[in-house]
Structures are given as structure tokens and as C-alpha cells.
Amino acid sequence: MDKHDTHDQQDTQSDARPVLEGPDIARVLTRIAHEIVERAKGADDVVLLGIPTRGVFLAQRLAAKLEEITDRKIPVGSLDITMYRDDLRMHPPRALARTEIPGDGIDGRLVVLVDDVLFSGRTIRAALDALNDIGRPRAVQLAVLVDRGHRELPIRADYVGKNLPTSLRETVKVQLAEEDGRDTVLLGAKQTQ
Amino acid sequence: MSKILIRGAKVLGGEPQDVLIDGSTIAEVGVGLSDEGAEVVEAAGKVLLPGLVDLHTHLREPGREDSETVLTGTRAAASGGYTAVFAMANTFPVADTAGVVEQVYRLGQEHGYCDVQPIGAVTVGLEGRKLAELGAMHESAAGVTVFSDDGKCVDDAVIMRRALEYVKAFGGVVAQHAQEPRLTEGAQMNEGIVSAELGLGGWPAVAEESIIARDVLLAEHVGSRVHICHLSTAGSVEIVRWAKSRGIDVTAEVTPHHLLLTDELVRTYNPVYKVNPPLRTERDVLALREALADGTIDIVATDHAPHPHEDKDCEWAAAAMGMVGLETALSVVQETMVDTGLLTWAGVAERMSVKPAEIGQATGHGRPVSAGEPANLTLVDTEYRGDVDPAGFASRSRNTPYEGRELPGRVTHTWLRGKATLVDGKLT
Amino acid sequence: MQRHLISAADLTRDDAVLILDTAEEMARVADRPIKKLPTLRGRTIVNLFFEDSTRTRISFEAAEKRLSADVINFTAKGSSVSKGESLKDTAQTLEAMGVDAVVIRHGASGAPYRLATSGWIDAAVINAGDGTHQHPTQALLDAFTMRRRLIGRDAGLGQDLSGKRITIVGDVLHSRVARSNVDLLHTLGAEVTLVAPPTLVPVGVETWPCEVSYDLDSTLAKSDAVMMLRVQRERMNAAFFPTEREYSRRYGLDGERMAKMPEHAIVMHPGPMVRGMEITAEVADSDRCTVVEQVANGVSIRMAVLYLLLGGNEPAVSHTRIEEK
């Protein structure tokens, strides 16, 4: 998700309401996997790169579903965009997350970036820069669990789990079992401080 | 105004008395003295001491007038309550001839803030090889009686022995800067726990103690008296105590900063704490206070060492050694010795006026506060407490380690032979 | 919060582990086709070297350039400094040019501390070695090398060096590397033993968080890493030890002594090595010797330090000792 929301997540009030529950998330990911296979013509050159933290778990889940569908091993990795962010000077430096590029690289492949929430688009902009330093994919696509709108850059997702119209006063919080112990997407009001 | 009545001062810290100055001498001391025809200085609650005498001052003139001159240095002295200072010989040129010492002496007389008694160098150019003309300096108008290569140690045992012997002819004394030179090559601070951590070259206590041990034995052997400058370690105290118990004619001084500050301050790498001998440990500080109280250490001397700002506003290794001290000495002694109960004000008078005048043979100084004596006096507001502000110093230099530190006591008046040099804390 | 890196003693355990973990990620950049990150674009860093040290300077320079910083190199030799200009004036001149950070190497202990605390400049100060005081990035790269070799590249992430036994051999008295390593290794939970002739151990060492031994042979068998310090031949003239031969015999590391070390144990050296003096060619060239790795790791560590101090609006590394005015 957009790292702009990191602080919002912590501020989410307890009265935040779920907009997607565990089974919804599983269903949405299955749909996205099918869409990828359909649009990538069998997905034989697909590489999934998740954006830490939760994008990585989503990429791994998507890869598992793609492997079920195609019965092939799908390369999956992670792409940390911290050092490419355009707001570095607005926060203290963050601990870096792992960038793990699958062994065969990304040159000439279809890279599908995976993130939890698409918001301003700045994270994806940074991810495109980071990709540029790693190799030259045939094409790059974007899969997100939630698109909450409010884009600040000309970026759109190729695969969207759920379009969620929000106000800027609201927060969207994605929880995944691997990190948070349960699967859910919460919509809450931003706490005034 | 020829008559001044100091009313109700605690003379040497005792019961309130009036002191009448007539001309250059004390006319009368008693209770309820008449103020007829006298300018009155109300001194209730204040302590009256004999004018302070500093056996160890660097006035820097001739040669380093950018850091201090005889004028600025004696004004600083008067501000600090001093009526006589002994000016060290490490000027440019070195005070190793009658000509230089007479010049310094005359400048002091002309300015009139404080008597300046020049100290002559022991060896030519402070180089430790050849005796300077000690007799000629003694016979000059300056009448030099104290000789020192301070800043450098007279480390050659034979030269030291000869100097100790030679000055006996005219009752002089050699004041030794005790620093074994080979043990202190590249020395930057006290050698110990802090130097090990900071990676600064160590100045071991033994480099001071070994020279003091040697010199008291030399003094005993040739039957001379020796004075030890700025004693700084607990070990040095023990050696001097032992020497005195054997009847050796040794006197010793301690600086105010060695009574208060420790090498922990060097952790700031601020060269304002760089001084020679270096700041030592808490244990040394306590031993020095005790020794000053019990008389093992005879006197307090400032080692007032002015340096221009640029010589301290730099990295530690590049900085000059030394601190100014004339204007804070009495406050530091009050803080460390009086307010701690180790010394009475009479004891302070003994160690900052009477004894230093005696060691240096400063005629007319360090005398009792009684009728017929020269009116060299210092009035101290001992109730005062305030932060040290170097901007207010009369000294040309500001290299004090006490900037911003709260210290007790403030000299309000100083009289040199009846003439006020400081009135209500302001120089005349 | 502190903006400077002056002493290894200023780092908490968590700070140090964060730097080591960050350095692991930085190290991966070296495997990419484009070994460059845009992170410090538009930031200006000056390498202010009052002492010759080509290897440390180029290591910092490589790190700065990989993070896209603008780099100015300033060496004192032949500059205004050799004509008597003060550290203060030099620093202020550089700051007037809009420098964000100063990486300083200086022969005087405390010069970087002075630069950081005197109010002369606002830039962040990173100590690249001062006198016989500190060399914190060297200690960090040494710890990084140890963690990789003794625990593992991935297994080491998030880990400190608890329980590891490190022996540091040689001229401790004149070594900023030894001081920094003792501080950092202790913070990271390692057990440090210094081995040196008594003349080359500082008075006051008894308060350091380490053991001191005069006997190398008895410590080798219980060492996970043995770090050899450079011993300058000139020390012999100041009577620190009688002859080079005697020093080598008592404190040099040769093949025979290396064989006494546990199989997994490594040999380290901050460089440059004096072969034949503190280390034989056989040991220096063996697989157990990490000298070359240490150089490569130095770039990663310095990238991590630069990123954590300069990558944001305030540093991510907290310090305890220096209070900012």
C-alpha cells in the first residue's frame, strides 16, 4: 500500500468497519489470478514482485493461485522501494525491507507489481524507478487489493480487487494473516490529534 | 580623599570592626571609629582580607600583548582582590636579564593597579642548560628573589642543584615547574581512565612526582629552600608532606582550578579545560584540598595564563595550555575551601596573602590588618552568588573554564597602599 | 536525536543492529547491473581528510556515489590547511558552499567531536578516524564481517554478536580501531580480549569492557575471530618493544598459531598489513583471512550510515552521549 498511509493505519479507530473479510480477499485474489492468466496469455513469462510489507504476502498468495491454475512454477519476489521514495526528506529514514529478485531476473519478462492499497500512486512511481535499475522487463503491470482513489500521478492498476471510494479523512487498513494474524480490510476515520 | 573608613567589616572573617585608612597606611582598627573627614565604605556583612598576593601570574608582556599586558593583567589582578602579583619569566624575550625584569617591574609601578614583582628565569632562554644571571636580576631595580623556568621544568639535576645552591647567596628561591619531559612527550591530558578512552596523550602523575621527589632531596642535600609550582596530584602531596616532616625547606602552591575541576571535563574536548599540569582526578582534587587545609600545601597561586580566543577555538591538540584565573581565584577558593568548612577566612588570608608574600619576599604585602601597616586590603562580599561571565573580565583574554558556572563571593573593593583600585566591583 | 556519528560508544545495540541490517540490503545493490540508488540525490557531502588515508576515503566516496550524493574531496596536503588555516575556518568555508555532511579524518583525537559540538557548522559530522580516539565505521564494518562469517548473511539479520569471542592483537595504545571495536563489540554482546605487550596497552584500560592478556597463544583456542592490528615499525624506536623479530615471535600471527584457532574462526585486519611483522603472508593469503571482504563490506556499511543519518529529515540512529546544543 502507499506508505503515506503508514501512520494512518496506526491511528485507525476501533470503530473502523470491515469492507472485505477473509473469504472475500481469497475470492478476489482468485479472480485476479485468472485475469492475469487471461491477459498474459497463459502467464508463462510472468514474474510477481510484491511491495513490502503486505504486497509481498499478496504476491505469494497470487503465485500459489497461478501455480494451481497453470500448473507451472511462478517466480515471485519482493521489491523494496524505500530508497526511491520521493518523500524521503519528509520523514526519518525507514528501515529497509528486502528486495529479492527471482533467479532468472526480470529482463524480457512480464513483471506484475503487487501491492495492498493503491492511493496517491507515488509508491508505484518509486517501484518503476527501482525496477529500472534492476533490469528491463517486456512489460510491467500492477495488481492491487484495494484502489481507494485520490491519485496524484498518472498511474492506474491493471488488476483491482476492490474499488473503494473514500474520502481523504478516511483510512484504509489491510490486515493479512501472515503479518497481522487475520485477513481483513478496514475502513475507518482518521483520528484528529 | 586621604582618609577612608571601612565600617563594620568582618576582619579576616571575625567580629565586625571599623578600619580607618589614612594615606597609605592603616591608622586605626576598632569598633565605633569616627568617620570625621573620611570617605565611608559601608562594609557590614563583608569580609576584609589583606590584599591578595599571587606568586604565579603570566602577564605576557613583553611579547604576547595580544593575550595580556602588564596593564590589563594588573587590572584583572585588582578586580580579583590582588595587590601584588609575581610575573612569570616566560615572555618574549624571556625575563632572564636585568633589562627585561626591570621593564616589567616599571610597567607595574607606572600603571599602579597592583605591584608587579618579576620572576627571573633560572636558565638562559628557559632552555635548561646555562644559568641566567640570577645575581644581576636580584640586584636590579626589580629586586628579583623568585626564579623559575615555569612552563618548562629545570629537568637537569645538576643545573637544578646549582640553582638551588646559587640563590642562597642572596636569599632567593627557585620555583620548580615539576614535569619530567621525557615522560610527558606528546602529553595532552592527565594519563588515566579518561585519556585511555579519549585517545589523548597521557601526562602521568609520576612525571610531576618524580621531579618533586628529586628536588626536595636536592634541597635537603644542599640546604636550600625550594618552591613547588602548581602541585596537582595526591602523590605530590604525600611527597611534600614527607619532605616537610623531615624538615626540608619546601613550600608548595596549588591553583584554584586544581581544587575544583577534574579530567572528566576533557570529555567535551573543549580546550578551555586544557592546562599544564593537566586537570587530574576527583581523588587528587580531594587530596589537594585537604593538603591546603592542613598546611602541607602552603599557598594558592593562580597560574593565570591568558590566551587569545583563536588559540582555544580549535581542536584540542592544537590548543594552547592554560586558563585565566586572577578574577575567579577567590571565588573558587571560597567554593572549595571555605564553603566546605575546610578553611576559615583567616586561613584563606594566610594562604592567599601572608604566605605567598613571605615566600616571595613581597615587602609590605601579606601584613596583618592592624594600625601602622600598609593599607593593602581586599573587601569581599561573601554572600554573593553569581554566574561567571567572561565578558566582564578586565583581563584581555577570556579563556576561563568557569564560564556560566555559579560561584560564590565577589571582591567589591581593593586598596593598594590606601589607594582604591577597585570600588563597588569597578576598577578605578 | 543525534545527527552525527562520532564514536562507536554512542551507538545503542538496536542502532548498531539496524546499521548492520541496512548494510546487508546495501550490499545487495552491488550485485545489480546498476549499482546506484537515487537516495541522496541533491545532497552534498565533503570528505575532509587531514590525514592521508586513500582506502578510507575511496570507501566513503564509493558509498556516497552509490547513493547519488554530490561528493567533494578535500585533502589537507597542499591546501590552505598546510598553510596554517584552522579546522574551524576550513569547516566554515565548506559549509558556506552548502555542504550537508562532513566526513572527517583528522590526526587530532576529538577533532570530529569538536566540529560537531562547537557550533562552527550545521552539517552532519561523520568521523572517519580521529587520532587515537575512534573510527566508528571501521568497527561497524568489522562487526558486519564477523556477523556474516560467524552467523551468516541471512541468519544474521536482526542478530547481534552475543557470546562471540573476539581477540584483538597489537598496538592497542595507538589504535582508534581497537577503541571503536571494544565499544561496539561490547554493545553487541561479544566478549573481547585485547592481547598486546604491556607497553602497548593504555593506562586506564582496566575500566574498558574487555579482558586484557599479554599471551597470544593462550587466547587463540577460544577465539571466534582474531583481529590483528597494524604495528608501526617506528614504535620500536620509542622502546615499546625491543625488536621487530621479538614482536613477531610473541605477538605475530603465523600459520602455526592460526592452526590453534577453532576451525570456524576467522582472521581480520583493518589494513594496511605489515606482512612479516604482525601477520605472515601464509595467514594473510589464507581463506580464513577476511581482509578483502572487510574492504567490500566497508562500502556497504558506509552506505548504511549515510542513508540512516542523511536519508530523511532527521536521523534514524539515536545517540546517547552527545547532547546537542
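This is a predicted model: local features need pLDDT of at least 70, side-chain atom pairs count only at pLDDT 80 or more; totals for chains, interfaces and linings use all residues.
Chain C is divided into domain 1, made up of residues 8–134 and 295–310, and domain 2, residues 136–292. The C-alpha centres of domain 1 of chain C and domain 2 of chain C are 25 Å apart. To the contact between them, domain 1 of chain C contributes 27 residues and domain 2 of chain C contributes 24. On the side of domain 1 of chain C that touches domain 2 of chain C, at least two residues each come from α1, β4 (124–130) and α11 of chain C. The most are given by α1(C), with eight residues. By class, this side of domain 1 of chain C has 13 nonpolar, eight polar and six charged residues.

Helix α11 of chain C (residues 291–310) also packs with helix α2 of chain C (residues 54–66), at an angle of about 55° and with the axes 8 Å apart. Because of this angle, α2(C) is oblique to α11(C). The crossing of α2(C) past α11(C) is right-handed. From α2(C), the residues Ser59(C), Phe60(C), Ala62(C), Ala63(C), Glu64(C) and Arg66(C) take part, and they meet Gly298(C), Val299(C), Arg302(C), Met303(C) and Leu306(C) of α11(C). The residues of this contact of α2(C) with α11(C) comprise six nonpolar, two polar and three charged.

Chain C touches chain A through 20 residues, which are in contact with 16 residues of chain A. Two or more residues of the side of chain C that touches chain A are given by each of α1 (13–29) and α11 of chain C. The most come from α1(C), with five residues. By class, the side of chain C that touches chain A has nine nonpolar, five polar and six charged residues.

In the contact with chain B, 20 residues of chain C meet 16 residues of chain B. The elements that give two or more residues to this side of chain C are α3 (87–96), α4 (111–117) and α6 (176–187) of chain C. Here α4(C) gives the most, with three residues. The side of chain C that touches chain B divides by class into seven nonpolar, nine polar and four charged residues.

How values were computed. Residues are numbered from 1 along each chain as its sequence is written. Chains are lettered from A and ligands numbered from 1 in the order in which they are written. Axes are lines fitted to C-alpha atoms, for helices over the stretch in contact, and angles run from 0 to 180 degrees between N-to-C directions. Helices (H or I, at least four residues) and strands (E, at least two) are DSSP runs, numbered from the N terminus. Angles under 35 degrees count as roughly parallel, over 145 as roughly antiparallel, 65 to 115 as roughly perpendicular and the rest as oblique. A crossing is left-handed if the near helix is turned anticlockwise from the far one by less than a right angle, and right-handed if clockwise. Two residues are in contact if their C-beta atoms, placed from the backbone, lie within 7 Å. Ala, Val, Leu, Ile, Met, Phe, Trp, Tyr, Cys and Pro count as nonpolar, Asp, Glu, Lys and Arg as charged, and the others, Gly among them, as polar. Domain bounds come from an automatic or database domain assignment.
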